[in-house]
Amino acid sequence: MQCPKCRAPMHTFTRSGVQIEQCSGCRGLFLDYGELEHITQLESQWAPQQHAAPPPPPAGQPYPAGGPAWGAPHGGHHGGHHGHHGHHRRGGLSGLFFSS
Amino acid sequence: MAHPAPLTTMRLDRPGPDQLGFDQLAAGLAPSAAAAEPVVLADRPTGTVIRVGDAVAKAHPETADVEALAARVATAAHPALAGILLPPLPPATVARLADGRAATLWPYGTPVDPDDVPWEAVGTLLARLHATDLGPLGPLPPAGWPARAAEALARLRATETDPAHAPARSAVERILCAPPPPFPAPGAAVLCHGDFHLGQLVSHPAGSGSWRLIDVDELGLGDPAWDLARPAAWFAAGLLPPADWHRLLGAYRAAAPGWGGADPWALLDGPARVMTAQAAARALVRAAESGRSPSDEDEALLISCLRIVALP
């Protein structure tokens, strides 16, 4: 599938049992209907997954349930020049191993 | 047991870690270490750490308050902290190196694998640390967090940064100059690590998967939210995946029932802002000193600061 924002190809991967499409260009994320609810549920239970519900497209810009008002978007489309920070697990935590 | 006294007679032609005598200190106090080659694990302004066999010797910065350090080391040795803080090697005291720096001795433990962080252990250990009964412990200094933020601001103010970073710099300064989040009343303060990050966790005995907190340099009384604030800041910057953050927070809350109530961010928000700005301040100083652009990770923290000051 193509990114609806920048037209680059999107890659599918699964995190915590939720299938997510991520754009290889702007790193924006695409969540299917029900996947946001699924993630929210995971967050509120801190527990393993159930099944995501099917079709229709995502509505808005989902933000993490239980985060600060100034938190980075963790889901939905968020392109722009800093969108690529959001989902890099590698290279994103090195500062968490030292005193800052 | 060997005595550290001979160290004072060592010659100091060049003050390198190998010549200060703390590998000998480690070898003398830990018999297993006698035949091992010393390995430098870390050499930073926050201290020099050398491994000799199963022992690790840490030389603390010249500026360390030795009396406070002794109280912190004694706390790590206290049975009340067994299974939480890695205890020092006997005699659990602070030695002096030839150059006058304070030194402490610890058993070696294996560090966290960045690809396999034991988030649940992190949450549980911090909750258990914070729940420590202070009664049996001696007097303790305050935890180091607020002082570190002030230090980061002072460093930034003394550094000329790239004009391209001016908006981020001004955001960082604004956050660090804001009145600090309310600190608990003396009676409400709990035992805190004071400088928690993922390098402050080792598996001991080495490789056993039995995790302990290390580095007591900033250990003391304070607000427990500060110990969670660094991972919280990385989560808020979009750097720490939500699933990992919730493994940590979930384990913490499971071991600290009631903490945070319906919205733990009411407690985390203030400390996480300061921690974000503190890390961003260090990033700006690092960029200025190295002449390199901030890394993606640093940039995410700088952008977090911009989002914080953009809030109404």
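Helices (H or I, at least four residues) and strands (E, at least two) are DSSP runs, numbered from the N terminus. The model is predicted: local features need pLDDT of at least 70, side-chain atom pairs count only at pLDDT 80 or more, and totals for chains, interfaces and linings use all residues. Residues are numbered from 1 along each chain as its sequence is written, with chains lettered from A and ligands numbered from 1 in the order in which they are written.

**Exercise 1.** Find how many helices and strands chain B has.

**Exercise 2.** Describe how helices α4 and α8 of chain B meet.

*Solution.* Start with the axes, lines fitted to C-alpha atoms over the stretch in contact, with angles from 0 to 180 degrees between N-to-C directions. Those of α4(B) (residues 145-157) and α8(B) (residues 265-290) come within 9 Å and cross at roughly 35°. Next, look at who touches whom, with contact meaning C-beta atoms, placed from the backbone, within 7 Å. Among the residues involved are B:Ala152 and B:Leu156 of α4(B) and B:Ala281 and B:Val285 of α8(B).

**Exercise 3.** Is B:Leu41 buried, exposed or partly exposed?

*Solution.* First locate B:Leu41 in strand β1 (residues 38-44) of chain B. Then apply the rule: buried needs 20 or more other C-beta atoms within 10 Å, exposed 12 or fewer, and partly exposed lies in between, with C-beta atoms placed from the backbone. B:Leu41 is partly exposed because it has 14 C-beta neighbours inside 10 Å. Finally, leaving out residues up to four places away in sequence, B:Leu41 touches B:Val49, B:Ile50, B:Arg51 and B:Val56.

Key:
Contact = placed C-beta atoms within 7 Å.
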